[in-house]
Every structure is written in C-alpha cells, then in structure tokens.
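Let's take a walk through this structure together. Have the sequence and the 3D view ready, and we'll go one piece at a time.

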Amino acid sequence: MSEQIDPEFEKLRRLLAVKRHERPPANYFENFLDEFHRRQRTEPLRKPGWWEQLTELFRAEPLLAARYALGSAIVLMLCLNVYLLVRTPPTGRTELATIPPVTNGMIAVAKTGPGFQPMPPPGAFAEPRPQPVLVASNNFILDRVNAAPVNYDPTGDF
Amino acid sequence: MLPPDAPSDEELVHRTQEGDPSAYDELVKRYMERIYALTYHMTSNHEVASDLAQEAFIKGYKYIHKFKGDSSFYTWIYRVAVNHTINHLKRNRSGYHVSLNDVDAGIENDPDFIEATKSDPPTRKVSLNELQNALNEAIQRLSEPHRMVVTLHDVEGLSHGEIAKIMKCSEGTVRSRLFYARQQLQKLLKGWL
C-alpha cells in the first residue's frame, strides 16, 4: 500500500513506526460495539437544529459555503439596487423631460387612462373680465371723441 | 483477514439500507480499529478519539441511505471520520491534554523501529516514552490537513490515491501536503533524527 518514500525522510518514516504500536486499553474493541449501540439508542433524543445542521454542512464543505456566501451577496446587491431604483426621486433631467409644454394657457396633460379628460385651466371658470383697451402710443384723446368734424362748406345764403 | 464466505462490504451496505442493523454491526466490527486509529493519531487523546470514532459510525449509519456505491464503503466511512474529526478539531482549537495509549511490546521487533534507533549513541539510551511524547507533540503542531495526510500515509499506510479519494482532493495536493508535513516534522524532531 505504501509508496516509495524520499530517502531524505526515510528515518522519519521509520520513527513514525512508534505511532503504529500505540494501542488502546485492553478489551477496548470488545466493548466498542456495545458502546455504539448505547449511543445509537440515545442519538435520536438530541436531534440537531437546522442551524446546527447548516453550520455542520458548511464546515464539512467550505467550497459550498463560499458558493452560498457569493450567491447570497449577489442576490442582496440586486435587491438593494432594485430598492434604491424604486425609492430614489427623479433627477432634474428627468423632471425637465416630464413637464408638459404650455400652449395657449392650457397645460397639455398626457392621457393616463381610458375616459380621462383633462381639467380646463382655472381661468375657464371665471367671468370674462373686460379687457383693457390698448392705446396706440401715437394716438391722441380727441381721436376717440365721436363728433363730426365741423363743416366749413358754404351752405348759407349770404 | 476475512473468512472466504464472509459477505462483502457492498452486500452488508445493501442489507443495512434494506433495514438490517446487524449488517451495519458487522461493518463497524470490520473498520472500528482503523477508524479509531485515525481519530487517535489525529488527537493524541484516547477519550476524545473514542468519542469521535463512535460518532463517525453513528453518522455513517444515519447517512447510509445516501451511500450510492460510487466508492468503496471503506473510503466512504473514512471520509465521514476524517470530516468529523477535522470539524471537531477546528471547533476545539484551544486543544486538550494529551492522553496517550501505551506502546505494545511488538515494537521491539518492528524492523523500522530497530533501524531507526540502532544508530543512537550508546550513551543515550532511547526512552520509548520520551520518543512517543516527542512524536505526538510534533504531530499535534501540524495543521489538521497536514496531520491527516501524515497519519493516513506514514502511520496507517494508505496510498496517495486512497488519501486523495478520502480527502476529496488531487493526488498532487496529497503529495505536496505530505512533503510539507514531513519537512515540518523533521524540523520539530531534529534531536531524534
């Protein structure tokens, strides 16, 4: 069973023979099976919890533990990213893009659903107010007097 | 050595999976000495080793339904014991006192031991207990994977391939760990080599 050993370690290997001759107390193996049965009977009484089983599994398989850790970290990062995307208020650039253009005092509101009718602007409900007459800057007040010009035509019999 | 009419490991495993606990008892009897040796050399403590060996067999029984026969039962139960022992050692890094077993009388006739001690100067008679303590102390100073490879290869005599299967690593890894572990042991046991 044993393979060729480096001559450098030959003496060490021979010395380790001492370990092969260490023996447990007499009758130890004769009672081994009885002890095994005794422990087997008590074993179901102390069933390990799921956490103990999981840590035991990870201890036995460190590579598996590393894979689980990496996977969990990736999932956590993804969840965090999604959460932040949902929760973050829109930035200035987005705001500009979403403001509807103003046309003739009416705000163009995009339809959001079937049967949606945009509200008229607040001014639509108010009484129309008389608009002030704009006066041309070069006109004079006499221009507005409704009076016929004086007739200087000679109409008398003189 | 098993008698020629003894059932194979595969048959015993199959019977255990079918619900015959006596078949598993037979498997325990076949491998208890090797599994105990593994746990003992890893811990240098008889009581702890005994607990670990028992627990490894209990785990083996509990999970026997998961054994699909991809490897031999021998490799599989070794793997259960190796993982269980390494986990235990990692959990108890603070360590515990050494409780060594006695060395049997057979060592006096072991050619390896005779060869290893014959060149000692006559003024320094090798004290077996002293050497045993030094060896165990040095082995305990290795990391768990290095200690495991030395135990399985240099003490229990398993091949690189078998160790690779048991420890689920490449043969190259086994060789490099073994080389490093031996280097460390040589440094630690300088006075004995």
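Start with helix 9 of chain B, where B:Val174, B:Leu178, B:Ala181, B:Arg182 and B:Leu185 are buried. Look down the axis of that helix and you'll find its buried residues within an arc of 105 degrees, so they line one face of the helix. Keep in mind that what you're looking at is a predicted model.

So what covers those buried residues? The cover includes helix 6 (128–140), helix 7 (144–155) and helix 8 (160–167) of chain B, along with helix 1 (10–15) of chain A. As for length, helix 9 of chain B has 18 residues (171–188) and should span 26 Å at 1.5 Å a residue; its end C-alpha atoms sit 25 Å apart, which agrees.

Now over to chain A. Its secondary structure comes to six helices and three strands, and from the N terminus the order is α-α-β-α-α-α-α-β-β. Of its 158 residues, 12% are buried.

Side chains of opposite charge can pair when their charged atoms come close. Here A:Glu10 meets A:Arg13 in a salt bridge (3.1 Å, N to O), and A:Glu10 also forms one with A:Arg14, with the closest N and O atoms 3.4 Å apart. A:Arg13 is three residues from A:Glu10 in this helix, so about one helical turn separates them. A:Arg13 is buried, with a relative accessible area of 19%, while A:Glu10 is partly exposed at 22%.

Helix 3 (residues 32–42) of chain A holds another pair, A:Arg39 and A:Glu35, four residues or about one turn apart. Their side chains meet in a salt bridge (2.8 Å, N to O). A:Arg39 counts as buried at 16% relative accessibility, and A:Glu35 as partly exposed at 23%.

Two salt bridges are counted between the chains; A:Arg23 and B:Asp104 meet in a salt bridge at 3.2 Å, N to O.

Notes:
Residues are numbered from 1 along each chain as its sequence is written. Chains are lettered from A and ligands numbered from 1 in the order in which they are written. This is a predicted model: local features need pLDDT of at least 70, side-chain atom pairs count only at pLDDT 80 or more; totals for chains, interfaces and linings use all residues. Side-chain values use heavy atoms; hydrogens and water are left out. Helices (H or I, at least four residues) and strands (E, at least two) are DSSP runs, numbered from the N terminus. The expected span of a helix is 1.5 Å times one less than its number of residues. Buried means under 20% relative accessible area, exposed over 50%, partly exposed in between (1.4 Å probe, protein chains only). The arc is that of the directions from the helix axis to the C-beta atoms. Contact means heavy atoms within 4.5 Å. A salt bridge is a side-chain nitrogen of Lys or Arg within 4 Å of a carboxyl oxygen of Asp or Glu.
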